[in-house]
Amino acid sequence: ASFSFIGNIGFVLRNQGVNLVLNIFFGPTVNAARGITVQVQNAIQGFATNFQTALNPQITKSYAAYNWDYTKFLLFLSSRVSIFLLFIISLPVLLETNQILTWWLDTPPDYTDKFIKIILLITMIDALANPIIVAAQATGKIKKYQMTVGGCLLLTPVMAYIALKLTHEPTMVFITQLCIAIIAQFIRIMIIKKMLNFSMQEYFKSTVMPIFKACLPAFCICWGITYLLEESFVRFFTTILSSVIINVIFIWFFG
């Protein structure tokens, strides 16, 4: 319970510490943009969370039954499908952020569009992390995991404060959070691979490479379509329709 508490404190301070740091430097205006960003993040994150809720008990059950191969299979599957679900929903938002904010808020706070784009990338990293968190808890050997990952996440508000001191640029807070999220994910993989006896190459081959092969070409094609059209409702509708169709095709054949 104590080690879980450390990990949870790290997660809470990562998110709420960003609010505090932004408020210290910029006041309520930028924090309003942060609040809108979190609303968008929670709405999109729910799709992956619902899927993972169905799969998480199976990861714990298979580990408890000493079925290591099936545990790894579920871990890799949950990571891939979570990203694909998020990407299908997130891609139109990434490409049409300004248009959505204009329709929604008329005059959105400054930096909101930049915040949303970065926070969606962080959300995808978190979606990759959740299956690993469940697998680590299933082993019961959480001391090293919670101390290391929790300690890494605790650095977020500190590093964000230093970044703002040096640059005075609000987006640096989220870039810092993204960098630490990537580092924390790498640490998670290094710890869990020993617990479940799989290699770094196996994780990249089963999880990371299918994600890149499916999502990167889909993003480039959809971005090209959006870039060629003028901003309008027709472009917005075309972006949504094309991103769904193209994503499904690439995920089916390469993901």
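**Starting from one threonine**

Modeller: Leaving aside its neighbours within four places in sequence, Thr123 is in contact with Gln41, Gln45 and Leu86. Contact means heavy atoms within 4.5 Å. This is a predicted model, where local features need pLDDT of at least 70, side-chain atom pairs count only at pLDDT 80 or more, and totals for chains, interfaces and linings use all residues. Residues are numbered from 1 along each chain as its sequence is written, and side-chain values use heavy atoms, with hydrogens and water left out.

Biologist: Is Thr123 buried or exposed?

Modeller: Thr123 counts as buried, because its relative accessibility is 1%. Buried means under 20% relative accessible area, exposed means over 50%, and partly exposed is in between (1.4 Å probe, protein chains only).

Biologist: Which helix is Thr123 in?

Modeller: Thr123 is in helix α5. Helices (H or I, at least four residues) and strands (E, at least two) are DSSP runs, numbered from the N terminus.

Biologist: How many residues does α5 have, and what does it reach from its first C-alpha to its last?

Modeller: Helix α5 covers residues 112–139, which is 28 residues, and reaches 40 Å from first C-alpha to last, close to the 40 Å expected at 1.5 Å a residue. The expected span is 1.5 Å times one less than the number of residues. Of the 28 residues in α5, 20 are buried.

Biologist: Where does α5 bend?

Modeller: At Ala129, by about 25°, and a proline, Pro131, follows within four residues. The bend at a residue is the angle between axes fitted to the seven residues ending there and the seven starting there. Just after α5, Gly140 has a positive phi of about 80°.

Biologist: Which residues other than glycine have a positive phi?

Modeller: Among them are Tyr66, at about 60°, and His168, near 55°. Most residues other than glycine have a negative phi. Tyr66 is in the loop between α2 and α3, and His168 is in the loop between α6 and α7. Tyr66 counts as exposed because its relative accessibility is 62%, while His168, at 48%, counts as partly exposed.

Biologist: New topic. How many aromatic pairs are there?

Modeller: The count comes to 15 aromatic pairs. Rings of Phe, Tyr and Trp (its six-membered ring) pair if their centres lie within 6.5 Å; planes under 30 degrees apart count as stacked, over 60 as edge-to-face and the rest as tilted. Phe25 and Tyr161 form one of these pairs, with centres 5.3 Å apart and planes at 65°, so the pair is edge-to-face.

Biologist: Where do Phe25 and Tyr161 lie?

Modeller: Phe25 lies in helix α1 (residues 2–26) and Tyr161 in helix α6 (residues 143–167), so their pair ties together parts that are 136 residues apart in sequence. Phe25 is buried, at 19% relative accessibility, whereas Tyr161 is partly exposed, at 35%.

Biologist: How many residues are in the largest nonpolar core?

Modeller: That core has 51 residues, and those with the most contacts inside it are Ile83, Ile132, Ile192, Leu196, Phe198 and Tyr203. A nonpolar core is a set of buried Ala, Val, Leu, Ile, Met, Phe, Trp, Tyr and Cys residues joined through side-chain atoms within 4.5 Å. Helix α3 gives the most to this core, with 11 residues.

Biologist: What does Ile192 touch?

Modeller: Not counting residues up to four places away in sequence, Ile192 touches Ile132, Ala135, Ala136 and Phe198. A second, separate core of 17 residues includes Val21, Phe25, Phe115 and Ala160.

Biologist: Last one. How many disulfides does the structure hold?

Modeller: It holds 0 disulfides, a disulfide being a pair of cysteine sulfur atoms within 2.5 Å.
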